[in-house]
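Hi,

Here is the structure I said I'd pass on. Have a look at it first, and then read on for what turned up.

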Amino acid sequence: MAPQTRNQFPKVVIERDSDSEPSSSEEEEVEDQEEEDEEEEEVVESENRERKEEVLDEKKKGKAPITISLKKVCKVCKKVGHEAGFKGATYIDCPMKPCFLCKMPGHTTVTCPHRVATEHGVIPAPRRNTSNPLEYVFERQLRPGILPIKPAFIIPDRVNCAVIRYHSRRVTCLEFHPKNNNILLSGDKKGQVGIWDFAKVHEKIVYGNVHSCIVNNMRFKPMNDDSIYAASSDGTISCTDLETGISLSLMNLNPGGWQGPSSWRMLYGMDVNSEKGVVLVADNFGFLYLVDTRSNNKTGEAILIHKKGSKVVGLHCNPVQPELVLSCGNDHFARIWDMRRMEAGSSLYNLAHKRVVNSAYFSPLSGSKILTTSQDNRLRIWDSIFGNLESPSREIVHSHDFNRHLTPFKAEWDPKDPSESLAVIGRYISENFNGAALHPIDFIDISTGQLVAEVMDPNITTISPVNKLHPRDDVLATGSSRSLFIWKPKEESEPVEEKDERKIIVCGRAEKKRSRKSGNRSDDDSDDDKFASKGSKLKSKKPEWKLTRCSNKVNR
C-alpha cells in the first residue's frame, strides 16, 4: 500500500487591530524611530510581495487562506470601534443603544436618574373615592385589614450563617418550612433538593435522586409538612418525603424520553390550591395542568393559558379568593384567571408588559394587589384587582435585566408586612463599595418607589438573584451561585466589639479540586471561585467570617 499523507490545511492569516495609540516619547527617540520605520517599511513591502505570491499560488491550487480578525467588537451591537459591558463595577453603555437600566436614550447608565433614586418618576399610591361597586366592597371588607399607617420596616442586613458551595450547581428556588422556623429547602440546576437547619448550621442534607434537571419551583403539600411538591425542567412533578428522601413522580410529560427540543416539555410555574385540592403547573408550550392532591394523579385536559409555544414561568393562587389564579410568561403578559371557568382565551384580565415577565404575585394578606417583575428592568404594581387594570398603578425602574446562566430575578412580597408595601429583589448591575464590585439585595417600598435598604456583604461578590423572606421571623434567605446565606437584623444594643458568632460552612472542597484538574469548569463553579479569591482579599471593618470545612454528602 502507498503511504498515506496528511492533508495540508490552508494557511491562517491573523489581522490585528491597528487602532492602537502610539506611546509618547522624546524628540531624539522619535527621529530614531522614523529611521527604523523606513527600514521596516522596506522589509514589510518585500514580505507583502512574498505573501501575495503565496496567496496566488494557493488560490491556483484551490486552498484559499483563512483570515481571523482580532479587532475589538462590541458585544451589544456587534460593531467595531468601541466596547460595551461591565468593567469592574462600572457598566459602559454602547453608543448605538439606549441606557441599559431604564432603556431610554439621552444618557448613560452611570448618569441614569433612576440609578440615583429608585423613586424617580414614580407616583405614590393615591387616596381616592370611587363609585365602582366592586371597589366599594373592597374598601369596606378587605381594606380594613391593611394598616393605613406603615409600621417601621425591619431589615435583615447582616449575614448570620451560610453554607458555601452547598449545591453542585446554582440555586434556583428556596422555600421555608410552614411550621419549623429554622428549616430551609433549596433546589438547584442539577435537580437536587437540599434541606438545611440553619439554627444548628451543620444539620443539612441533599437529595440527589429527585429530578434529573432544573428544579424550578417547590411547594409544601397541604395538611402534610413532611412532603413537598417540585416542578422540574425534566417534565415531571415529584412529591418527596423529607424524612426518607423517597420521591414519587405524579406526572411525566416526557414518557418516551428525549425526542428533540421541539417535543420536550419542561415544567416551570407551579402553585398549590389547598381549597380546591389541586396542584397547578404550567409548561414551556403555554399549557396548564392540574394534579389532584388526594389521588396524586392528573385531572382533566391541558389548558392553553398563554400564547402557544411560550413558557409559563409563574403561577400564583390568590390567598383570599382561591378561585383566582395569576399566571405570567414569555408572551409579555400576566393574566388573571377564574378556576371555575378555565378555558383557552377566557382570562379575566390581561396585563401587558414590554418584555418577558419573570414573576407575578398577589399580595400576601389581602390578595388585592399585584406585583410583577419584567425583563425590561421594571417592577409593576397594581393597587387593586377590582379597579382599572388597563395600566399599572406604578412602574419602578430596577436593574434585573439578566444575562444567560443566571436564575431569573423575582421581586417577592414581605409576607409579614401588614401594609403590603415592602418587596425584596436582587440587583444585577454591580455597585462600587470601597473598591469592591458588589451586587446588593434591594428592599423597595412599592407604594412610593423608595429604596428602603440595600443589603450587601463584602465577602459576597456573586450575584444574588434568589431571595426569600421568612413568613414569621425577621430572616432573609439568599441563594447566590451554589451557596446559601441567612440574613438577620443587627440589634441596636449589640456592642461593637462583641465577638462575632456567625457560622459559615464551606462544602465540596475536594470535588472542586478534581474539577480544576480535569479542566471541566462550568460557569456556576467560576462564581464560587470569585467568592473564595476576592472575599479573602477584601479589606473591611466588619468582622471576618469563621469558616468551618466539611464534606458535602449527597444521598442518592
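Which strand gives the largest share of the lining of the largest cavity? That would be strand 22, with 4 residues. Before the details, please keep in mind that this is a predicted model.

Some background on the chain: the protein has 556 residues, and 48% of them count as buried. Its secondary structure comes to 5 helices and 37 strands. If you take the contacts between residues at least 6 apart in sequence, 54% of them join residues at least 24 apart. The chain exposes about 30200 Å², with carbon and sulfur atoms supplying 49% of that.

Searching the whole structure turned up 2 cavities of 30 Å³ or more.

The largest cavity has a volume of about 70 Å³. Strand 22 (357-362) is joined there by strand 10 (215-220) and strand 18 (312-317), each supplying at least two residues of the lining. Among the lining residues you'll find N217, R219, V313, L315, N358, Y361 and K410. By class, that lining has 5 nonpolar, 4 polar and 2 charged residues.

The second largest cavity comes in at about 60 Å³. Its lining includes L438, H439, I441, D457 and W487, and the residues there divide into 6 nonpolar, 3 polar and 1 charged.

Cheers

Terms used:
Residues are numbered from 1 along each chain as its sequence is written. This is a predicted model: local features need pLDDT of at least 70, side-chain atom pairs count only at pLDDT 80 or more; totals for chains, interfaces and linings use all residues. Side-chain values use heavy atoms; hydrogens and water are left out. On a 1 Å grid over the protein atoms alone, a cavity is a set of points where a 1.4 Å probe fits but cannot get out, and a pocket is an open set with protein on both sides within 12 Å along at least five of seven lines; lining residues have an atom within 4 Å of a point. Grid points are joined across faces, edges and corners, and a volume is the space filled by probe spheres set on the points. Ala, Val, Leu, Ile, Met, Phe, Trp, Tyr, Cys and Pro count as nonpolar, Asp, Glu, Lys and Arg as charged, and the others, Gly among them, as polar. Buried means under 20% relative accessible area, exposed over 50%, partly exposed in between (1.4 Å probe, protein chains only). Contact means heavy atoms within 4.5 Å. Accessible areas come from the Shrake-Rupley method with a 1.4 Å probe; for residues, only the protein chains shown count as cover.
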